[in-house]
Structure formats: structure tokens, C-alpha cells
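I set down here what I looked up in this structure, entry by entry. I give the definition of each term where I first use it.

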Amino acid sequence: MPAFLETRDLKKHYRMGESTVRALDGVSIAVDQGEFIGLLGPSGSGKSTLLNLIAGLDRATEGALRVLGDDLAQMSSDALSRHRQRNVGIIFQSFNLVSTMSAAENVALSMMFAGVPRPERDRRAQELLEAMCLGGRQRHRPPELSGGEQQRVAIARALANRPRLLLADEPTGNLDSRTSAEIMALLTQLNERDGRTIMMVTHDAGLAQRYAHRTVTLLDGTVVAESHP
Amino acid sequence: MTIGDTVQLALRNLNQTKLRTALTVLGVSIGIASLAGMVSLGIGLQDQFVGRFTKSGVFDAITVMSAQDRPGVLASGLGLGAGQRGGARARGSSAAVPTKPRPRLDDDALRRIGALQRVKEVYPNLRVPVALSHERFAESYIATGVPMSARNEGAFQTFAYGAFFNNESENACVLSLDVAKQINERDPRDLVGKQVTLTWVASAAIAAGAPSAADNPLQLQHAEARYTVVGIVEREPGPGGLPGATPSGLMIPLARAREISAVDAGSLQSLFREPAQGKSYGSLTVKVTRPQFTGDAENQIKEMGFMAFSLNDALTGAKRAFIVLDIVLGLIGSIALVVSSLGIVNTMVMSILERTREIGIMKAIGGSDGDIRRIFLVEASVIGCAGGAAGVALGWLVGRVINFGANLYVQSQGGPTGNLFSLPPWLVGVAIGFAFVVSLIAGSYPASRAARLDPIQALRHD
């Protein structure tokens, strides 16, 4: 049985003028369904690059990357956008909500791209926001919401198309400690109760150790440490 | 992503930048208005020119004459002088003498020409010398036979007094204003409804066995009839197809002219022809169903061995000139449209710069390159269609204002009014369709630029 997610000797090189930046330089990891992985490392270690490759936002230079049995290197650009629609949900440090749309519209947007009919979209957006304790804030726009509320809207959006993999890039990076704890509790709940696989990038080793099943530490594009549960 | 969702999202985006969208739409509408205005000016001018000339009954008419050599002035006294002038005016080809035996222009030829395709009507140009008397006035005129189809054509479009013949068989005549003034200097209007007496030569024969030719060789018998004056026209109409022919101040229904000339021609003309030939006409007028068919019909008639010419070629040349004029006007109008399409490009590029991050977000949550491209193309085409519709309305409005102004001027100069600008329904459709296509072309570069954006770069954008 193929692994839920597997990378083999994954490389991502950028050309920066004369020199080549090796953002990822041969990463091989495997993730099982239902795991909560913490990706650790200082800035520039390549942890965000790895997350972007898994999300299908970027293409690897070399190596294999299989998610849910599909080889992302072989996918067309349209197939990658379907992968982003259905297989993964992404949560960003800076929330990345469309500021001119209401909370409900932001959540419905990802379902719009997936071709979900409007009545169902609206109903599901409402359900998700209520589940995130944002029932009364559906018509509010992101600038009218607090950081924690915005991140909960973003999580609702990430869940809209029922992906099996959640990718979180420093999800608490812009939040205070109390709100951070709320968001982390929410992610833990999604992992434990709903069985969603989560990969979370953070530079906060304490946070990763507290919530993740195991941690992978990157440095200069290679895996330098891997904790086992 | 469904089309409905794409349109909804695009409209929403446009709504967010109302002022900029409105200004861009205004730009497009000025471009379309100038294009539609210029083209409708071209169409209007053409309608004015061609319409007026087509109504004159000259351009759908062909004049047919026998190609046979005729004995100068003696040839029935009608049509020939005009025929020579007209023949000289026609191009070389029409004057070419056929090698076949020359057919005569008789009733049989009339039927054969009438049977040709696209020929609406054939009638002989009958001009009979008559004497007209009314009370103490008496003068000789050439009476022209006018077919009933000439109603509302040429000189019969407007009557100074009275109206056209009611039917073909009545003893009625129409006078030109000149002739009417000759009869009744002070009040020509008074003649309408009055009766005049026409007298003509009913038969003539060479007095057989006359001792000397100088001693009254012709025996003439006169006939006369009372004719009612039904109308008076301002100018003297030339016979159809022969604008250069001697105009006639006295017009009677064709059928009446035919009767008079039947008696007359059977005798007088036959004096100068071989007796076996019977009756023939000096010239015929052939009316075709549409002016553009004159060339065809003309050639067919020439193949039958007759001389034929029309003025349609002049009209064809004029129409060609109008096509060139339309293209030139269209190009001038297009300049504004090109400028406004650059406005669309500018607006869309600006919009993409502002919404780079939003595009990145949409891609990250599953929007495909195609989705993004379509959203921006729909935005551009909505601007284009709105601009097209507004532009047609604007062009129509400006055209109406200029029409109104021009007609005020023309009326003050005593000319006939008409529409300088004409906006036919097809032009409305073409203008909006054109705006749509132009906006799609203008939007295609920004849209594909948006579609190609790297989502990671776009998400870092502020």
C-alpha cells in the first residue's frame, strides 16, 4: 500500500543571478494518514518550500513527490489546480483572505472553483463558520475581524472542499499566545476528531513538540533531525 | 467553475472599482460612437444620394433602340436625335454594331425583351405630334406616352397642381408648368379639371396617280378628342432612361399614345419603309426589377441584336465611391476605438497589479489558470459591451442632433430634408459586436498575464 505522502530525494533549486540556491537538496520523508507533522527549521531552511511543493503551488527540480498516490511531477497545471482544490487545504501565516469579500464569500470562493452549486456553497460556508464559532460574523469582511477570527475563517475555507491533507504555514505566526492556543486546539481537534492529516511549518520548536505527533527538522534544504513518536 | 460564477465574480470586481470602470466604459463608448457615427454618416449620405437617384426612375431603366441604320431625320421623328446623343454617351461596347442581321424593334421584340428575367416592364417610348387647343389657344406639341408605373417616379414625385392619371384608358393629360402657363398665363392652376382638344393626323396616303409630286402628295385625315387636364408638374420629365432627350410638356397615358400612334404610324411612317415591315418603335424603355440587374439585362438585350444603354454604370461607380468613403470614415472612427481599447488594456493591467495578491489566493485555493483568464476576459468584455451599447446610444444621439441642425439649415435654404446620419439595426448589432471583439482582444494580454502569475510570488505581493 502506497504511503499517504512520500518524497524521495526531492530537490528544488532556484537560480539567483549567477548562483544557484538549493532550497531543497534531497529531502526524503514519508507521512501516514492521520499524522500531525511539525516541520521545523530556521528561516531559509526550506521548510516552506517543501510545503509549497506538497501543496502543488510549485514544481520540484528533481526527485519524486507522491501525494495520495499521485505523482505531482507528472501533473499538468490544470491537474495541479484540481489537487489544490480537492486534496489539500492551505492555511497561511498572513491568513490570505480576499479583503473585499465577506467571511462567507471567502469560504465559498474555494467551492466556487471546485464547481459546487451556489445553494450548497452557501449552506456549507455557513455550517463551517458556525463550527468555527463565527456564526455571527459571516457578513463581516476580513478588516473587520480580529487576527484569530481571520485565521478561523481561513481554516473554514481550507476545509470547504473536504481535503484529507491540511497544510499550515506558521498558522500562529501573527497571533498572540492566547489566540495561538485557540487555533492550535482547533487544528488538534481537526486531526484527532476528523482524522485529517496535518503538516505544520513552524520555527517554534516548543509549539511543534507540544502538538505534533512527530517533527522533521530541516537545515539548508536537508533533513537534519526526525523525531519519532 | 461555471460561467455564471465567472460572470458574477467579474461583475463584482468591476463593481469594486466603479469610477475606473465607468471611465473605461465611457472611453469605449466614445470610440464606438465615433465609429458608428462615421459609418452611419457614410450610410446616410449613400441613402440620400442613391435613394434620390433611384427614385428618379433613371437607374433601373435601359433604353433600347434598333441597331439598324436609319434614314436620318425622317426616322419617325422621335427618339432618334436623343438616341444618337445617348448612344454617343454610352461606352464603346454598347455602340458596337452586331454582325447578325439587325432585328426590328417591333411588338415581337417587345414581347421577347419582356420575357427576359428580371425585367419588370417594357414599353415603347411613344411621342406623337399633336395640336392642342383650348378656348382661343392653339399650339403644336409632342405628346409623350407615360406608363402608369411612372407614378411617383421622377418628375411625377411632386405635382404643382392636380395628380397623376387615374387609369390607363382615360382621356387625360398632364401638362408641364411651362405649357400650362402658355395656355393660361395668369392662373395655370385653373386648368386642372378643364378639357383641352387634341388633334392629330389619323391617316395619310400618297395620292395615287397624282400628276405631280409637288401637288399635295399627301392626303391627311385628322382626328380629334377631348382630354381632361388632371395634373400639372413643375419640371418637364424626360422619358425614362433618356434624361438628355427633348422634354415634353404634354403627357398622356401610354395606352392613349399607343392608339394615336397606331393610326399615325401605320400610315405616315410606312411611307418611308418597305410596306412589308409593319409597325416598329423608335425606342423602348426597359425597367428592371432592381437597379443592379441593369447590366445583365443590358447584355442580354445586346445579344438579341439591339442597341441598349443605361445610366446604371454611373450609379455603380458612385456606389463604389461610397464603399471607399465608408471605409475611410470607418478608419477615422476606428482611431478613437483603438485609443479606447488601449484604455481597456490599461485598466485591466492596473487591476491585475492591484489584485496580484487576490489572484495568488485564488490560485492557492484551487483556481486554475483558465479560471483566472476567464474572469479577466469577462471583465474586459463587460466593459466592451457596456461601452458598445452606450456608444451606439451616444452616436445615435449625436447623429440626431446633427440631422436636426442640418435639416434646419437645408429647410432655410429651401431644399428637401433628409437624414444625413442613418443608423440601421444591423449597424447597432455590428457596433456592439465589434466592441465585444475589440475588448476581448484588448483583454487577452492582461488576462493571460494574470493567468500566468506565479502563485507563490503573487502571495508575497503587498
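**Entry 1**

I located A:Arg162 in the loop between helix H5 (147-159) and S8 of chain A. I noted that the model is a predicted one, in which local features need pLDDT of at least 70 and side-chain atom pairs count only at pLDDT 80 or more, while totals for chains, interfaces and linings use all residues. Residues are numbered from 1 along each chain as its sequence is written, and chains are lettered from A and ligands numbered from 1 in the order in which they are written.

The phi of A:Arg162 is positive, about 50 degrees, although this residue is not a glycine.

A:Asp9 lies in strand S1 (residues 5-16) of chain A. With 13 other C-beta atoms within 10 Å, A:Asp9 is partly exposed.

**Entry 2: Chain A and its sheet**

I counted 7 helices and 11 strands in chain A. Of its 229 residues, 45% are buried. I also looked at contacts, where two residues are in contact if their C-beta atoms, placed from the backbone, lie within 7 Å. Among those in chain A between residues at least 6 apart in sequence, 69% join residues at least 24 apart.

Next I traced an open sheet of 6 strands in chain A, in the order S7-S8-S9-S4-S10-S11, with mixed pairing. Two strands pair if DSSP finds at least two bridges between them. Which strands stand at the edges? They are S7 (88-91) and S11 (222-226) of chain A; each has a single partner strand, so one side of each is left without a neighbour in the sheet. From one strand to the next, the twist averages 20 degrees; the axes are lines fitted to C-alpha atoms, and angles run from 0 to 180 degrees between N-to-C directions.

**Entry 3: Strand S8 of chain A**

I followed S8(A) (residues 165-169) to its partners. S7(A) and S8(A) run parallel and are joined by 4 bridges. A:Val88 has A:Leu165 as its bridge partner, and A:Ile91 stands opposite A:Ala168. With strand S9 (residues 197-201) of chain A, S8(A) pairs in the parallel sense over 5 bridges; here A:Leu167 has A:Met199 as its partner.

S8(A), helix H6 (residues 177-192) of chain A and S9(A) make a right-handed β-α-β unit. Right-handed is meant thus: with the strands pointing away from the viewer, the path from the first strand over the helix to the second runs clockwise.

How many residues of S8(A) are buried? I found 5 of its 5. A:Leu165, A:Leu167 and A:Asp169 point one way, whereas A:Leu166 and A:Ala168 point the other way.

**Entry 4: Nonpolar cores**

I took a nonpolar core as a set of buried Ala, Val, Leu, Ile, Met, Phe, Trp, Tyr and Cys residues joined through C-beta atoms within 7 Å. The largest has 114 residues, of which A:Leu39, A:Ile54, A:Val107 and A:Leu167 touch the most other members. Leaving aside neighbours within four places in sequence, A:Leu167 is in contact with A:Leu51, A:Ile54, A:Ala55, A:Val88, A:Ile90 and A:Met199. Another core, of 51 residues, lies apart from the largest one and includes B:Ile113 and B:Val286.

**Entry 5: Chain B and the contact**

I placed B:Ser29 in helix H2 (residues 18-55) of chain B. B:Ser29 is buried, with 24 other C-beta atoms within 10 Å. B:Gly391 is 362 residues from B:Ser29 in sequence, yet the two are 3.7 Å apart in space, C-alpha to C-alpha.

Lastly, I found that the contact takes 19 residues from chain A and 16 residues from chain B. H2(A) gives the most to the chain A side, with 5 residues.

Key: Helix = DSSP H or I, 4+ residues; strand = E, 2+ residues; numbered from the N terminus. Buried ≥ 20, exposed ≤ 12 C-beta atoms within 10 Å, placed from the backbone.
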